[in-house]
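Here is my note for your review. Please read it with the model open beside you.

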Amino acid sequence: MSLNIENLTVYYQTLKGEVHALEDASFSLTDGEIMGLAGESGCGKTTLGTSLILLNGRMRYIRGTVLLDGQELPIWDNRGMDEFRFKQVSLIPQYAMSAMNPTRRIGKMVHELIEARHEDYNEIMPELKRRLDLVELPQEVLKLYPIELSGGMKQRMVMVLSTLLNPSLLIADEITSALDVSTQKAVVEMLAEFRDRKFVKSMIVITHDISILSQVADSIMVMYAGQLSEKAPTETIIRHARHPYTKLLISSLPKVGIKYSEEILHGIPGKPPLLLDPPIGCRFRDRCPVAYEKCTQVPPFLELDKDHFVACWKEFEEHA
Amino acid sequence: MSEPKKKNEFLYFAMRNGKLKVGAVIVFIFVLIAIFGPKFARYPLNEFVAGGPNPPSADFYMGTTAYGQDVYAQFVYGLGTTFIVGIIGGGLATLLGMLVGFVGGYKGGWVDEVLNIITNIILVIPTFALLLIMVAYLKLRGVLIESIFIGLTSWPWAARAIRAQTFSLANREFVDLAKLSGMKTMKILFREIAPNMMSYLFMTFILQFGGAILTAATLDFIGLGPTQGVSLGLMMNWATNGSALLLGYWWWFVPPGIAITAVVGALYIMNVGLDEVFNPKLREM
Amino acid sequence: MRRYFLRKILIYLLTFFVAVTIDWMIPRFMPGDPVMNMLSKAGSMHAEAQEVMYGYLTSSFGLDLPVWQQYVNFWKALFHGDLGISILQFPKPVIDVIKSALPYDLLLLIPSILLSYYAGNKFGAYAARSKRMDNTLLPIGYILTATPYMWLGILLGWVFAIILNIFPISGAYSYALKPALSWTFIKSVLEHWFLPFMSLFIVQFGGWAIGMRNMIIYELEADYAHYLEALGAPRKLIRRYAYNNAQLPQLSGLALKLGVIVAGAMSTEIVFSYPGIGYLILMAIQNSDYYLLQGCFLFIIIGVLLANFIIDIVFVLVDPRTRLGMQGGAS
């Protein structure tokens, strides 16, 4: 097990109170696993992803443990996390297009960053060049400023930089949204390549584009309103989903190309609950076609089949 | 989020924002002094009521000038002038800036290019050098003329900022919708675009207001201000000419400076407060 | 980059052209006879000078010539450095009067701008680091930028020259001395320079400190800062990047503020009777010396244009975006 998360709970502090964006998430990743993380916007997928590397100003760690290669990540401690960032956990941000300092030559920025992390730039240099070749970036990019690169080039440069120190866990947050379809495909294939070459051990790919996930992800985890709904191998999620929400999500996708809308699901009546004051129990129960009285209790995230985790009382009943 | 909810949210943050409150209270106090102060003046403005200089006393609240004029009367009337210059000069500059910025940012193309060149030209010519040459040939100058000159020369940076904002709004969906429905350009600008940057325009006005006050004070002090009446800048000009500094008549030159600094400083601090209210990223959580 | 400079130079040439045209136009399009207008206001002149001036003014205005000819002649005279004759220091040419005042302006402006820019930026960046510093700096900074230059000059003069009697209050050097390259003279020059310099320095310092503090806070929220944070970069590195990037808007701010700073310097010179161009302007207004005023106007314009151009060059050095001919740039 490379990543093991227990009861991770993270809230957002707002003036109106705490937003329960991530509640008691427990799951694990095996070595070499690429897990796709899907759900409507606001379901907590980005919260889950970013909380593993950097809690932003308004995010509050509430409880839970994160074990990476058997070592606990002190995610509540911004300074303490510094040691793990980049080396153990790394991030390809949503904003890859603007992630690099516009007034520094890329090579110089990489150099300064590497030195600041107490690594030897000259030692890393040959590997850096090999990886640039791998993603088909000319080595001259190191002498350029970010604005001199195209969108796709920036995306690849950020991928190379983020994985340069061979992190154990890589979080890729909506990496493909700014790119056109053919570039998206290339980028996703590169991610898999990085895993195959063991630049990264395991990966969480956050996206709203399931077609992307079906190409590269070994497993898919679906979230709803801050709770985990289901996690299973990719094929299983697409063909034999068990959680009512996942089923609705998959069935609402157009048959050609598996994509779902970022917006509210139209096929399902109702709206996701406000997480400022979330309903007790299963948060999907108001919209769920099969909900019953038991659903006022929070369902555990249980492994019903091998590697197939579901949080639904109805499913447990049928399975039992 | 719906519209009324949003307004309430701004109001909520505005009421909680210390900078905004402190700034507004200071400005308000000085406005009250400018409006009601003259009612309490015991001596007419600029008349030689005392034989010579007097320090503040029960009779002369703020003392008298070297020539025996009542400083209190000069101060309260001068404060009024300051606000008039700020409103007219700052208001005119904001309006011109809006006009040029809206049209340039919305129309784009060669219209934008021409407006941009004009803006840049006026931007580099120092306002006060331009006023210097205009003022030199006007025999009689009033506060109104001064304010208009200031307004006519200080709009460029507002135009630039507003142009950039308009440019980003002009490509939004709701503007496209208005265009498709055949709305006239001017109507789109004032119905669709202006309301969406109200907060921004208001902040621009506040900065222009403060800037106009400072420019006027400098001009008056150099001797390019109104030839009649009184202003805080003129008071400082008279005080220096009357050797108030050498003779230590502090009550003559300290109050006008304090008033200008307090009003302009309070306006700037209000502006920071407003920025925090309208820009959630800057709010302290 | 070539396009950037070509564009800038075009704007500056246009600006200069407009400024000179205004300079030429105003006396001619005001109601009444410009020559009589000028002379009637210059009451305090002695008879001989008045006569010479009348002849000189009439011929130099050349009111009998067609308007375009007058305009061309004005430009010709300008290129020969002929800005007319000063009434105030009759019969000295205006250009000479201004030349002897100019060094004092440079002596005040250049050090005060450079030092306040440097110190203000450093201090603002420092203040952005801690809440407590920030809460004290912010109000002080805003009060300083809101202070009229001349009033701060008056206060400093009153406290340090009149009450404490540490510094002299007026002139560029002691009246008892003759300009010479001696220690006593240099010391006297520095003593007289200090208070006007300080008034300019302090007000500008407040502006830069606040500007930097606000810019840094924006920069620390920028994507590149968050990315570096996520990669565990030390705060020092992130702050350094933010500081460097915040310099760019500060630099374009400097270009925008030049006019105000020059006006501030003029009024400060008046407070301390410091014999630069500002003081000349006051004298020129009081004595209705219009040629001198026009000359001062042209010099200020040229100075501001040059300073703008220097800032443009610096911009190219620090901002790759202008260098690569993309967007960005000072003005």
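1. Ground rules. This is a predicted model, where local features need pLDDT of at least 70, side-chain atom pairs count only at pLDDT 80 or more, and totals for chains, interfaces and linings use all residues. Residues are numbered from 1 along each chain as its sequence is written, chains are lettered from A and ligands numbered from 1 in the order in which they are written, and side-chain values use heavy atoms, with hydrogens and water left out.

2. Chain C, fold. Chain C has 13 helices and zero strands. Helices (H or I, at least four residues) and strands (E, at least two) are DSSP runs, numbered from the N terminus. Along the sequence, the pattern of chain C reads α-α-α-α-α-α-α-α-α-α-α-α-α.

3. Chain C, packing and surface. Chain C has 331 residues, and 53% of them count as buried. Buried means under 20% relative accessible area, exposed over 50%, and partly exposed in between (1.4 Å probe, protein chains only). Take the contacts in chain C with a separation of 6 or more: 72% of them come from residues 24 or more positions apart. Contact means heavy atoms within 4.5 Å.

4. The interface of chains B and C. The size of an interface is often given as the accessible area lost when the parts come together. Here the area buried between chain B and chain C is about 4,800 Å². Carbon and sulfur atoms give 78% of that area. Buried area is the accessible area (1.4 Å probe) that two parts lose on being put together, summed over both. Chain B puts 51 residues into the contact and chain C puts in 57.

5. Arg7(C) pairs with Glu113(B) in a salt bridge, with the closest N and O atoms 2.8 Å apart. A salt bridge is a side-chain nitrogen of Lys or Arg within 4 Å of a carboxyl oxygen of Asp or Glu. Three residue pairs are in polar contact across the interface of chain B and chain C, both residues at pLDDT 80 or more. A polar contact is a pair of N or O atoms within 3.5 Å; within protein, one must be able to donate a hydrogen and the other to accept it, and residues adjacent in sequence count only if both atoms are side-chain atoms.

6. The chain B side. Elements of chain B that give two or more residues to the side touching chain C are α4 (109-124), α5 (127-136), α10, α11 (232-241), α12 (244-247) and α13 (250-278). α13(B) gives the most, with 13 residues. The residues on this side of chain B divide into 33 nonpolar, eleven polar and seven charged. Ala, Val, Leu, Ile, Met, Phe, Trp, Tyr, Cys and Pro count as nonpolar, Asp, Glu, Lys and Arg as charged, and the others, Gly among them, as polar.

7. Asp220(B). Asp220(B) sits in helix α10 (residues 198-222) of chain B. Is Asp220(B) buried or exposed? Asp220(B) is buried, with a relative accessible area of 3%. Beyond its neighbours within four places in sequence, Asp220(B) has contacts that include Glu146(B), Pro226(B) and Asn237(B).

8. Arg242(A) and its two partners. Over all chains, the structure holds 27 salt bridges. One joins Asp305(A) and Arg242(A) (3.2 Å, N to O). Asp305(A) lies in strand β11 (residues 302-305) and Arg242(A) in the loop between α8 (234-240) and α9 (244-251) of chain A, so the pair ties together parts 63 residues apart in sequence. Arg242(A) is buried at 16% relative accessible area, whereas Asp305(A) is partly exposed at 38%. Arg242(A) also forms a salt bridge with Glu315(A) (2.9 Å, N to O).

9. Glu315(A). Glu315(A) is buried, with a relative accessible area of 7%. A salt bridge links Glu315(A) to Lys247(A), with the closest N and O atoms 3.8 Å apart. Glu315(A) lies in helix α10 of chain A and Lys247(A) in helix α9 of chain A, so this pair ties together parts 68 residues apart in sequence. Lys247(A) is partly exposed, at 39%.
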